[in-house]
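Thanks for coming. Please have the structure open while I go through it.

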Amino acid sequence: MAFLADALSRVKPSATIAVTQKARELKAKGRDVIGLGAGEPDFDTPDNIKNAAIEAIRRGETKYPPVSGIAPLREAIAKKFKRENNLDYKPEQTIVGTGGKQILFNAFMATLNPGDEVVIPTPYWVSYPEMVLLCGGTPTFAATTSANRFKLTAEALEKAITPKTKWLVLNSPSNPSGAAYTEAELRALADVLLKHPQVWVLTDDMYEHLTYGDFVFKTIAEVEPNLYDRTLTMNGVSKAYAMTGWRIGYAAGPIQLLKAMDMIQGQQTSGACTIAQWASVEALNGPQDFIATNKAIFQGRRDLVVSMLNQARGIVCPSPEGAFYVYPSCDALIGKKAPSGKVIANDEDFCAELLEAEGVAVVFGTAFGLGPNFRISYATSETLLEQACVRIQRFTASLS
(Lines give C-alpha, C1' and ligand atoms only; values in the text may rest on other atoms or scores of the structure.)
Protein backbone atom coordinates (compact mmCIF):
# COMPACT_ATOMS: atom_id res chain seq x y z
CA MET A 1 0.00 0.00 0.00
CA ALA A 2 1.45 3.37 -1.07
CA PHE A 3 1.91 5.91 1.71
CA LEU A 4 1.29 9.10 -0.29
CA ALA A 5 -2.10 9.88 -1.80
CA ASP A 6 -2.65 9.13 -5.48
CA ALA A 7 -3.97 12.69 -5.92
CA LEU A 8 -0.43 14.02 -5.55
CA SER A 9 0.60 12.31 -8.77
CA ARG A 10 -1.90 14.50 -10.64
CA VAL A 11 -0.44 17.87 -9.62
CA LYS A 12 2.78 19.83 -10.07
CA PRO A 13 4.56 22.26 -7.75
CA SER A 14 3.93 25.97 -8.30
CA ALA A 15 6.36 27.27 -10.94
CA THR A 16 6.17 30.82 -9.57
CA ILE A 17 7.08 29.68 -6.08
CA ALA A 18 9.88 27.51 -7.51
CA VAL A 19 11.42 30.42 -9.44
CA THR A 20 11.23 32.71 -6.43
CA GLN A 21 12.88 30.09 -4.23
CA LYS A 22 15.61 29.48 -6.84
CA ALA A 23 16.37 33.21 -6.91
CA ARG A 24 16.59 33.26 -3.10
CA GLU A 25 19.01 30.33 -3.09
CA LEU A 26 21.28 31.92 -5.69
CA LYS A 27 21.31 35.22 -3.77
CA ALA A 28 22.23 33.32 -0.60
CA LYS A 29 25.22 31.91 -2.49
CA GLY A 30 26.38 35.39 -3.43
CA ARG A 31 24.98 35.58 -6.98
CA ASP A 32 23.75 38.94 -8.23
CA VAL A 33 20.16 37.99 -9.01
CA ILE A 34 17.20 40.20 -9.86
CA GLY A 35 14.04 38.24 -9.02
CA LEU A 36 11.04 39.12 -11.16
CA GLY A 37 9.06 35.98 -10.38
CA ALA A 38 6.98 36.88 -7.33
CA GLY A 39 3.56 38.50 -7.70
CA GLU A 40 3.96 40.69 -4.65
CA PRO A 41 3.82 44.50 -4.39
CA ASP A 42 7.00 46.03 -3.00
CA PHE A 43 4.97 48.70 -1.19
CA ASP A 44 4.51 48.51 2.57
CA THR A 45 1.06 48.02 4.08
CA PRO A 46 -0.38 51.50 4.83
CA ASP A 47 0.04 52.71 8.41
CA ASN A 48 -3.68 53.04 9.15
CA ILE A 49 -4.12 49.35 8.36
CA LYS A 50 -1.14 48.33 10.49
CA ASN A 51 -2.42 50.50 13.34
CA ALA A 52 -5.83 48.82 13.15
CA ALA A 53 -4.11 45.47 13.67
CA ILE A 54 -2.14 46.81 16.64
CA GLU A 55 -5.31 48.21 18.18
CA ALA A 56 -7.05 44.86 17.69
CA ILE A 57 -4.24 43.13 19.58
CA ARG A 58 -4.52 45.63 22.41
CA ARG A 59 -8.29 45.11 22.58
CA GLY A 60 -7.71 41.40 22.98
CA GLU A 61 -9.15 40.35 19.61
CA THR A 62 -7.12 37.16 19.87
CA LYS A 63 -9.76 34.43 20.23
CA TYR A 64 -11.07 32.02 17.62
CA PRO A 65 -13.16 33.89 15.04
CA PRO A 66 -16.30 32.59 13.29
CA VAL A 67 -15.36 30.27 10.45
CA SER A 68 -16.71 32.55 7.73
CA GLY A 69 -15.17 35.71 9.18
CA ILE A 70 -15.81 38.32 11.85
CA ALA A 71 -19.07 40.24 11.44
CA PRO A 72 -17.46 43.68 10.87
CA LEU A 73 -15.37 42.33 8.02
CA ARG A 74 -18.27 40.53 6.35
CA GLU A 75 -20.27 43.76 6.59
CA ALA A 76 -17.35 45.69 5.08
CA ILE A 77 -17.12 43.17 2.23
CA ALA A 78 -20.84 43.51 1.46
CA LYS A 79 -20.49 47.31 1.45
CA LYS A 80 -17.43 47.10 -0.81
CA PHE A 81 -19.30 45.04 -3.39
CA LYS A 82 -22.21 47.49 -3.38
CA ARG A 83 -19.99 50.59 -3.43
CA GLU A 84 -17.51 49.49 -6.09
CA ASN A 85 -19.29 46.81 -8.12
CA ASN A 86 -23.01 47.59 -7.77
CA LEU A 87 -23.58 44.07 -6.40
CA ASP A 88 -26.06 43.49 -3.59
CA TYR A 89 -24.82 40.85 -1.16
CA LYS A 90 -25.89 40.37 2.44
CA PRO A 91 -23.08 39.77 4.96
CA GLU A 92 -24.22 36.15 5.29
CA GLN A 93 -23.51 35.72 1.56
CA THR A 94 -19.81 36.45 2.14
CA ILE A 95 -16.92 34.35 3.37
CA VAL A 96 -13.37 35.16 4.49
CA GLY A 97 -10.47 32.77 3.90
CA THR A 98 -6.75 32.53 4.43
CA GLY A 99 -5.95 34.20 1.14
CA GLY A 100 -7.69 33.91 -2.20
CA LYS A 101 -6.24 30.44 -2.68
CA GLN A 102 -8.32 29.01 0.16
CA ILE A 103 -11.48 30.59 -1.24
CA LEU A 104 -10.87 29.02 -4.64
CA PHE A 105 -9.88 25.65 -3.23
CA ASN A 106 -12.91 25.45 -0.95
CA ALA A 107 -15.26 26.38 -3.79
CA PHE A 108 -13.89 23.55 -5.92
CA MET A 109 -13.88 21.12 -2.99
CA ALA A 110 -17.51 21.95 -2.26
CA THR A 111 -18.75 21.45 -5.81
CA LEU A 112 -16.59 19.12 -7.91
CA ASN A 113 -17.30 15.44 -8.43
CA PRO A 114 -15.18 13.05 -10.54
CA GLY A 115 -15.73 13.89 -14.20
CA ASP A 116 -16.83 17.48 -13.60
CA GLU A 117 -15.00 19.89 -15.89
CA VAL A 118 -13.70 23.39 -15.18
CA VAL A 119 -12.97 25.67 -18.14
CA ILE A 120 -9.77 27.67 -17.62
CA PRO A 121 -8.56 30.17 -20.24
CA THR A 122 -4.86 30.00 -21.12
CA PRO A 123 -2.57 31.49 -19.99
CA TYR A 124 -3.76 30.85 -16.44
CA TRP A 125 -2.55 31.34 -12.90
CA VAL A 126 -0.58 28.18 -12.16
CA SER A 127 -2.75 27.07 -9.22
CA TYR A 128 -6.13 26.88 -10.99
CA PRO A 129 -5.72 23.52 -12.77
CA GLU A 130 -3.85 21.98 -9.84
CA MET A 131 -6.65 22.90 -7.43
CA VAL A 132 -9.21 21.39 -9.79
CA LEU A 133 -7.20 18.16 -9.99
CA LEU A 134 -6.73 17.96 -6.22
CA CYS A 135 -10.48 18.34 -5.78
CA GLY A 136 -11.23 15.50 -8.20
CA GLY A 137 -12.31 17.56 -11.20
CA THR A 138 -10.94 17.83 -14.72
CA PRO A 139 -9.43 21.10 -15.96
CA THR A 140 -10.17 21.87 -19.61
CA PHE A 141 -8.45 24.73 -21.38
CA ALA A 142 -9.71 27.43 -23.69
CA ALA A 143 -6.84 28.99 -25.60
CA THR A 144 -6.32 32.71 -26.09
CA THR A 145 -3.78 34.39 -28.33
CA SER A 146 -1.67 37.51 -28.28
CA ALA A 147 -3.74 38.70 -31.26
CA ASN A 148 -6.81 38.93 -29.01
CA ARG A 149 -4.67 40.27 -26.14
CA PHE A 150 -4.85 36.97 -24.21
CA LYS A 151 -8.61 37.27 -23.64
CA LEU A 152 -11.17 34.49 -23.93
CA THR A 153 -13.56 35.01 -26.82
CA ALA A 154 -17.20 33.97 -26.89
CA GLU A 155 -16.41 31.50 -29.69
CA ALA A 156 -13.62 29.83 -27.70
CA LEU A 157 -15.82 29.63 -24.60
CA GLU A 158 -18.69 28.07 -26.53
CA LYS A 159 -16.32 25.47 -27.97
CA ALA A 160 -14.88 24.62 -24.53
CA ILE A 161 -18.21 24.01 -22.78
CA THR A 162 -19.52 20.43 -22.64
CA PRO A 163 -22.38 18.80 -20.72
CA LYS A 164 -19.80 18.03 -17.99
CA THR A 165 -18.73 21.66 -17.52
CA LYS A 166 -19.47 22.94 -14.01
CA TRP A 167 -17.32 26.09 -13.73
CA LEU A 168 -15.68 28.78 -15.82
CA VAL A 169 -12.73 30.49 -14.11
CA LEU A 170 -12.43 34.11 -15.16
CA ASN A 171 -9.44 36.14 -13.93
CA SER A 172 -9.46 39.86 -14.80
CA PRO A 173 -7.03 41.56 -14.73
CA SER A 174 -5.12 38.38 -15.38
CA ASN A 175 -2.18 36.72 -13.79
CA PRO A 176 0.04 36.13 -15.84
CA SER A 177 -0.86 38.32 -18.82
CA GLY A 178 -2.31 41.46 -17.20
CA ALA A 179 -5.22 41.27 -19.66
CA ALA A 180 -8.48 42.78 -18.41
CA TYR A 181 -11.95 42.35 -19.90
CA THR A 182 -14.02 45.32 -20.98
CA GLU A 183 -17.74 45.47 -20.30
CA ALA A 184 -18.45 44.55 -23.92
CA GLU A 185 -16.11 41.55 -23.77
CA LEU A 186 -17.77 40.33 -20.57
CA ARG A 187 -21.17 40.85 -22.18
CA ALA A 188 -20.19 38.53 -25.03
CA LEU A 189 -19.05 35.83 -22.58
CA ALA A 190 -22.20 36.27 -20.50
CA ASP A 191 -24.37 35.70 -23.58
CA VAL A 192 -22.70 32.31 -24.02
CA LEU A 193 -23.06 31.41 -20.35
CA LEU A 194 -26.77 32.24 -20.36
CA LYS A 195 -27.23 29.42 -22.90
CA HIS A 196 -25.58 26.92 -20.52
CA PRO A 197 -27.35 27.10 -17.14
CA GLN A 198 -25.25 24.31 -15.62
CA VAL A 199 -22.06 26.41 -15.83
CA TRP A 200 -21.12 28.52 -12.80
CA VAL A 201 -18.62 31.37 -12.93
CA LEU A 202 -15.74 31.77 -10.50
CA THR A 203 -14.44 35.27 -11.09
CA ASP A 204 -11.05 36.08 -9.61
CA ASP A 205 -10.94 39.88 -9.25
CA MET A 206 -7.83 40.08 -7.07
CA TYR A 207 -6.24 42.76 -9.29
CA GLU A 208 -9.43 44.83 -9.64
CA HIS A 209 -7.89 48.12 -8.51
CA LEU A 210 -4.78 47.79 -10.67
CA THR A 211 -5.95 48.87 -14.11
CA TYR A 212 -4.36 51.61 -16.19
CA GLY A 213 -5.22 54.51 -18.43
CA ASP A 214 -8.93 54.88 -19.18
CA PHE A 215 -9.77 51.24 -18.51
CA VAL A 216 -12.94 50.77 -16.43
CA PHE A 217 -13.10 47.57 -14.37
CA LYS A 218 -16.29 45.49 -14.42
CA THR A 219 -17.06 42.07 -12.96
CA ILE A 220 -19.33 39.63 -14.76
CA ALA A 221 -22.23 39.48 -12.25
CA GLU A 222 -22.37 43.27 -12.48
CA VAL A 223 -22.54 43.15 -16.28
CA GLU A 224 -25.14 40.36 -16.37
CA PRO A 225 -27.41 40.22 -13.28
CA ASN A 226 -28.94 36.96 -14.52
CA LEU A 227 -25.62 35.27 -13.67
CA TYR A 228 -25.76 36.50 -10.05
CA ASP A 229 -27.19 33.22 -8.72
CA ARG A 230 -24.38 31.15 -10.22
CA THR A 231 -21.37 33.40 -9.74
CA LEU A 232 -18.80 33.34 -6.95
CA THR A 233 -17.11 36.75 -6.95
CA MET A 234 -13.69 36.44 -5.30
CA ASN A 235 -11.34 39.22 -4.24
CA GLY A 236 -8.90 40.05 -1.45
CA VAL A 237 -6.68 42.62 0.17
CA SER A 238 -3.32 41.21 -0.97
CA LYS A 239 -2.52 43.22 -4.08
CA ALA A 240 -4.19 46.65 -3.98
CA TYR A 241 -3.59 47.06 -0.23
CA ALA A 242 -0.07 45.56 -0.22
CA MET A 243 -1.17 42.94 2.32
CA THR A 244 0.13 39.70 0.80
CA GLY A 245 1.48 38.37 4.09
CA TRP A 246 -1.72 39.07 6.01
CA ARG A 247 -3.38 36.23 4.06
CA ILE A 248 -6.94 37.46 3.68
CA GLY A 249 -9.12 36.64 0.71
CA TYR A 250 -12.88 36.90 0.50
CA ALA A 251 -15.81 36.11 -1.75
CA ALA A 252 -19.55 36.55 -2.10
CA GLY A 253 -22.10 34.38 -3.82
CA PRO A 254 -25.19 32.20 -3.44
CA ILE A 255 -25.90 31.21 0.14
CA GLN A 256 -26.01 27.45 -0.49
CA LEU A 257 -22.47 27.54 -1.90
CA LEU A 258 -21.23 29.75 0.94
CA LYS A 259 -22.66 27.33 3.53
CA ALA A 260 -20.87 24.41 1.88
CA MET A 261 -17.60 26.33 1.81
CA ASP A 262 -18.08 27.28 5.47
CA MET A 263 -18.49 23.61 6.36
CA ILE A 264 -15.28 22.65 4.54
CA GLN A 265 -13.32 25.50 6.09
CA GLY A 266 -14.65 24.58 9.53
CA GLN A 267 -13.04 21.14 9.21
CA GLN A 268 -9.91 22.49 7.54
CA THR A 269 -8.49 25.70 9.04
CA SER A 270 -11.47 27.32 10.78
CA GLY A 271 -11.48 31.12 10.68
CA ALA A 272 -8.66 33.27 9.30
CA CYS A 273 -6.36 35.16 11.66
CA THR A 274 -8.41 37.63 13.73
CA ILE A 275 -5.74 40.34 13.69
CA ALA A 276 -5.48 40.19 9.90
CA GLN A 277 -9.27 40.34 9.67
CA TRP A 278 -9.47 43.53 11.76
CA ALA A 279 -6.73 45.04 9.60
CA SER A 280 -8.81 44.16 6.54
CA VAL A 281 -11.84 45.94 7.99
CA GLU A 282 -9.75 49.11 8.02
CA ALA A 283 -8.42 48.38 4.53
CA LEU A 284 -11.91 48.18 3.03
CA ASN A 285 -13.56 50.92 5.11
CA GLY A 286 -10.63 53.32 5.51
CA PRO A 287 -8.95 55.83 3.17
CA GLN A 288 -8.45 54.56 -0.37
CA ASP A 289 -6.39 57.42 -1.82
CA PHE A 290 -3.07 55.54 -1.68
CA ILE A 291 -4.41 53.04 -4.24
CA ALA A 292 -4.37 55.69 -6.99
CA THR A 293 -0.85 56.72 -5.98
CA ASN A 294 0.45 53.17 -6.11
CA LYS A 295 -1.39 52.50 -9.36
CA ALA A 296 0.33 55.44 -11.04
CA ILE A 297 3.71 54.03 -9.96
CA PHE A 298 2.79 50.61 -11.35
CA GLN A 299 1.71 52.17 -14.65
CA GLY A 300 5.06 53.91 -14.98
CA ARG A 301 6.83 50.63 -14.34
CA ARG A 302 4.66 48.85 -16.89
CA ASP A 303 5.47 51.43 -19.54
CA LEU A 304 9.20 51.22 -18.79
CA VAL A 305 9.29 47.41 -18.99
CA VAL A 306 7.17 47.19 -22.14
CA SER A 307 9.33 49.78 -23.90
CA MET A 308 12.64 48.19 -22.94
CA LEU A 309 11.57 44.62 -23.68
CA ASN A 310 10.34 45.59 -27.12
CA GLN A 311 13.86 46.92 -27.76
CA ALA A 312 15.32 43.50 -26.95
CA ARG A 313 16.17 41.37 -29.97
CA GLY A 314 13.51 38.75 -30.65
CA ILE A 315 11.14 39.82 -27.86
CA VAL A 316 7.57 41.00 -28.47
CA CYS A 317 5.83 42.45 -25.41
CA PRO A 318 2.19 43.60 -25.46
CA SER A 319 1.14 46.38 -23.08
CA PRO A 320 -1.44 44.93 -20.66
CA GLU A 321 -4.48 46.68 -19.21
CA GLY A 322 -3.86 45.77 -15.59
CA ALA A 323 -2.21 43.78 -12.76
CA PHE A 324 1.59 44.07 -12.50
CA TYR A 325 2.76 41.52 -15.04
CA VAL A 326 3.84 41.47 -18.66
CA TYR A 327 3.78 38.32 -20.77
CA PRO A 328 6.24 38.75 -23.66
CA SER A 329 6.87 36.24 -26.41
CA CYS A 330 10.30 34.77 -27.04
CA ASP A 331 9.16 32.74 -30.05
CA ALA A 332 11.72 34.35 -32.38
CA LEU A 333 14.55 33.10 -30.14
CA ILE A 334 13.60 29.42 -30.06
CA GLY A 335 16.35 27.44 -31.77
CA LYS A 336 19.07 29.99 -30.97
CA LYS A 337 22.23 29.03 -29.09
CA ALA A 338 22.93 30.54 -25.65
CA PRO A 339 26.42 31.62 -24.46
CA SER A 340 26.63 28.31 -22.56
CA GLY A 341 26.38 26.45 -25.85
CA LYS A 342 22.89 25.15 -25.11
CA VAL A 343 20.30 25.39 -27.87
CA ILE A 344 17.12 27.05 -26.59
CA ALA A 345 14.39 24.55 -27.38
CA ASN A 346 11.51 26.22 -25.55
CA ASP A 347 10.57 29.03 -23.17
CA GLU A 348 11.71 27.04 -20.13
CA ASP A 349 15.20 26.81 -21.63
CA PHE A 350 15.12 30.54 -22.39
CA CYS A 351 14.33 31.41 -18.76
CA ALA A 352 16.90 28.95 -17.37
CA GLU A 353 19.66 30.33 -19.60
CA LEU A 354 18.66 33.92 -18.80
CA LEU A 355 19.01 33.18 -15.10
CA GLU A 356 22.34 31.44 -15.58
CA ALA A 357 23.86 34.03 -17.90
CA GLU A 358 22.48 37.29 -16.52
CA GLY A 359 20.98 36.52 -13.11
CA VAL A 360 17.41 37.54 -14.04
CA ALA A 361 14.72 35.26 -12.65
CA VAL A 362 11.46 35.14 -14.62
CA VAL A 363 8.79 32.42 -15.00
CA PHE A 364 8.50 30.43 -18.22
CA GLY A 365 5.16 30.72 -19.99
CA THR A 366 4.47 27.01 -20.46
CA ALA A 367 3.91 26.82 -16.69
CA PHE A 368 0.90 29.10 -17.31
CA GLY A 369 -0.35 26.94 -20.15
CA LEU A 370 0.81 29.10 -23.06
CA GLY A 371 4.23 29.51 -24.59
CA PRO A 372 6.76 30.34 -25.85
CA ASN A 373 6.36 33.27 -23.48
CA PHE A 374 7.60 34.29 -20.07
CA ARG A 375 6.12 36.29 -17.21
CA ILE A 376 7.77 39.27 -15.59
CA SER A 377 6.40 40.82 -12.41
CA TYR A 378 7.13 44.55 -12.38
CA ALA A 379 6.18 44.89 -8.70
CA THR A 380 9.66 46.14 -7.84
CA SER A 381 11.64 49.36 -8.18
CA GLU A 382 12.24 51.09 -11.50
CA THR A 383 15.98 50.88 -10.84
CA LEU A 384 15.88 47.09 -10.62
CA LEU A 385 13.48 46.81 -13.54
CA GLU A 386 15.73 48.90 -15.74
CA GLN A 387 18.77 46.83 -14.76
CA ALA A 388 16.87 43.61 -15.46
CA CYS A 389 15.71 44.81 -18.87
CA VAL A 390 19.24 45.85 -19.81
CA ARG A 391 20.39 42.34 -18.89
CA ILE A 392 17.61 40.79 -20.95
CA GLN A 393 18.58 42.97 -23.92
CA ARG A 394 22.19 41.87 -23.50
CA PHE A 395 21.21 38.21 -23.23
CA THR A 396 19.02 38.22 -26.33
CA ALA A 397 21.76 40.02 -28.28
CA SER A 398 24.21 37.26 -27.30
CA LEU A 399 22.13 34.45 -28.79
CA SER A 400 23.39 33.04 -32.05
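Predicted model: local features only at pLDDT ≥ 70, side-chain atom pairs only at ≥ 80, totals over all residues.

Which residues of H13 are buried? They are Leu 385, Ala 388, Cys 389, Arg 391, Ile 392, Phe 395 and Thr 396. Looking down the axis of H13, these buried residues fall within an arc of 160°, so they line one face of the helix. Thr 383 and Ala 397, on the other side of H13, are exposed.

The buried residues of H13 pack against several elements, among them helix H11 (289–309), helix H12 (347–358) and strand E12 (374–377).

Take H11. The axes of H11 and H13 are 9 Å apart, at an angle of about 10°. The two helices are therefore roughly parallel to each other. The crossing of H11 past H13 is right-handed. Residues making this contact include Gly 300, Leu 304 and Met 308 of H11, and Leu 385, Cys 389 and Ile 392 of H13.

Now H12. Its axis and that of H13 come within 10 Å and cross at roughly 110°. That makes H12 roughly perpendicular to H13. Here Phe 350, Glu 353, Leu 354, Ala 357 and Glu 358 in H12 meet Arg 391, Ile 392, Arg 394, Phe 395 and Thr 396 in H13.

Conventions. Residues numbered from 1 in each chain as written. Heavy atoms only, no water. Buried < 20%, exposed > 50% of the residue type's maximum accessible area, 1.4 Å probe, protein only. Helix = DSSP H or I, 4+ residues; strand = E, 2+ residues; numbered from the N terminus. Arc of directions from axis to C-beta. Contact = heavy atoms within 4.5 Å. Axes fitted to C-alpha atoms, helices over the stretch in contact; angles between N-to-C directions. Parallel < 35°, antiparallel > 145°, perpendicular 65-115°, else oblique. Left-handed = near helix turned anticlockwise from the far one by under 90°.
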